[in-house]
Amino acid sequence: MIYPIFVDRRISKREEVESMPGIYRLSLADLESEISAVTALKIPAILVFGLPGRKDTMGSEAYASDGIVQQAVRAVKKMAPQLVVATDVCLCQYTDHGHCGIIHGGTVANDETLGILSRVAVSHAEAGADIVGPSAMMDGQVKAIRGALDERGFKDTSIMSYSAKYASAFYGPFREAAESSPLWGDRRGYQMDPPNCREAMREIAIDVKEGADIVMVKPALSYLDVISHARAEFQVPLAAYNVSGEYAMIMAAGQKGWLDYKLVALEVLTAIKRAGANIIITYFAKEAAKWLLENEL
Ligand code: PBG
């Protein structure tokens, strides 16, 4: 399991995300206790998301050497060198318009965005990230990032590509957590069309060819068939992202007493694993690890 964490430059004390009970936006000062909890539970990896101090048209805090993710990665690597640190490489939290790429003439400019995503990835690698996770769904992003990393000597930094990322309503709570909703329009121009499974296979094949070390299907629960097809077709490690809305639904129903959220969460994680995921990115990681370690169920 990989545990996603949100680090917020503007706060000095952690704040709970309303639609994701138990999940917090952390300040840098909160990292120490969070990381010791994660390592005590033997969770092998985290995925770091950042909320910048200021947003602008180019998303420039995304690639600043003293940006929030870069600072957090340095701090975590100092605290727990053995913990695998992955980072999300995207612009939507950092741009004032909230899109994952830069805007030219009223639309997202794919090719102009590649250089910026490469700078983001290199800045994360410089901070000590083991894995960078491009999630902007720009065509050619894996190739551009691999090239930029190699050129700077980061040959051992891995790429976990959000290869098959659907334009999903299940990202709603994440966008509250990360304040990353687009100001206008939606992400259907670059994220994938939910009814289409074959396109996911094409996207994964392209990313493998461009140098992705790990490929991903996202969301997980409504796309188990896509995970299963991908597992059958490709020989690379496969990640599945059990996204914010999937977490929020289970937690909300659990809080109402409408279902047993522990049992449901473990059943969902088991289904994602059964479908063929080798790696599960999940907000349940801490709790699930606790349940499994304590053998509570
Ligand atoms: C950034 C990004 C998103 C998520 C992960 N990286 C949001 C989006 O594409 O709108 C969603 C994760 C979740 O819902 O848990 N592009």
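1. Basis. The model is predicted, so that local features need pLDDT of at least 70 and side-chain atom pairs count only at pLDDT 80 or more, while totals for chains, interfaces and linings use all residues. Residues are numbered from 1 along each chain as its sequence is written, and side-chain values use heavy atoms, with hydrogens and water left out.

2. Ligand shell. Around the ligand there are 18 residues, and Lys165, Arg175, Lys218, Ser244 and Tyr283 come nearest (near: a heavy atom of the residue within 4 Å of the molecule). By class, this shell holds 10 nonpolar, three polar and five charged residues. Here Ala, Val, Leu, Ile, Met, Phe, Trp, Tyr, Cys and Pro count as nonpolar, Asp, Glu, Lys and Arg as charged, and the others, Gly among them, as polar.

3. A polar contact is a pair of N or O atoms within 3.5 Å. Oxygen atoms of the ligand lie 2.7 Å from a polar side-chain atom of Arg175 and 2.8 Å from one of Lys165. On the nitrogen side, a ligand atom is 3.4 Å from a side-chain N or O atom of Asp88. The protein covers 100% of the 400 Å² of accessible area that the ligand has on its own (Shrake-Rupley method, 1.4 Å probe).

4. A cavity is a set of points, on a 1 Å grid over the protein atoms alone, where a 1.4 Å probe fits but cannot get out; lining residues have an atom within 4 Å of a point. Grid points are joined across faces, edges and corners, and a volume is the space filled by probe spheres set on the points. The largest cavity holds about 140 Å³ of space, and its lining consists of 20 residues, with Cys92, Lys165, Tyr171, Phe174 and Lys218 nearest its centre. Strand S9 (158-165) and helix H5 (172-178) are the elements that give two or more residues to this lining (DSSP runs, helices H or I of at least four residues and strands E of at least two, numbered from the N terminus). The ligand sits in this cavity, the criterion being that more than half of its atoms lie within 2 Å of the grid points.

5. Second largest cavity. This cavity has about 70 Å³ of space. Among the residues that line it are Tyr3, Gly22, Glu34 and Lys286. Strand S1 gives the largest share of the lining, four residues. The lining comprises seven nonpolar, one polar and two charged residues.

6. Largest pocket. A pocket is an open set with protein on both sides within 12 Å along at least five of seven lines. The largest one has a volume of about 170 Å³. Of its 15 lining residues, Tyr3, Gly22, Tyr247, Lys286 and Glu287 are closest to the centre. Helix H8 (244-255) and helix H10 (285-294) each give two or more residues, and H10 supplies the largest share, three residues.

7. Backbone. Most residues other than glycine have a negative phi, and most peptide bonds are trans. The bond from Lys218 to Pro219 is cis, with omega near -10 degrees; Pro219 lies in the loop between strand S10 (214-218) and helix H7 (224-233). Met137, not a glycine, has a positive phi of about 60 degrees and is placed in the loop between strand S8 (131-134) and helix H4 (141-151).

Conventions. Polar contact = N/O pair within 3.5 Å; in protein donor to acceptor, adjacent residues only side chain to side chain.
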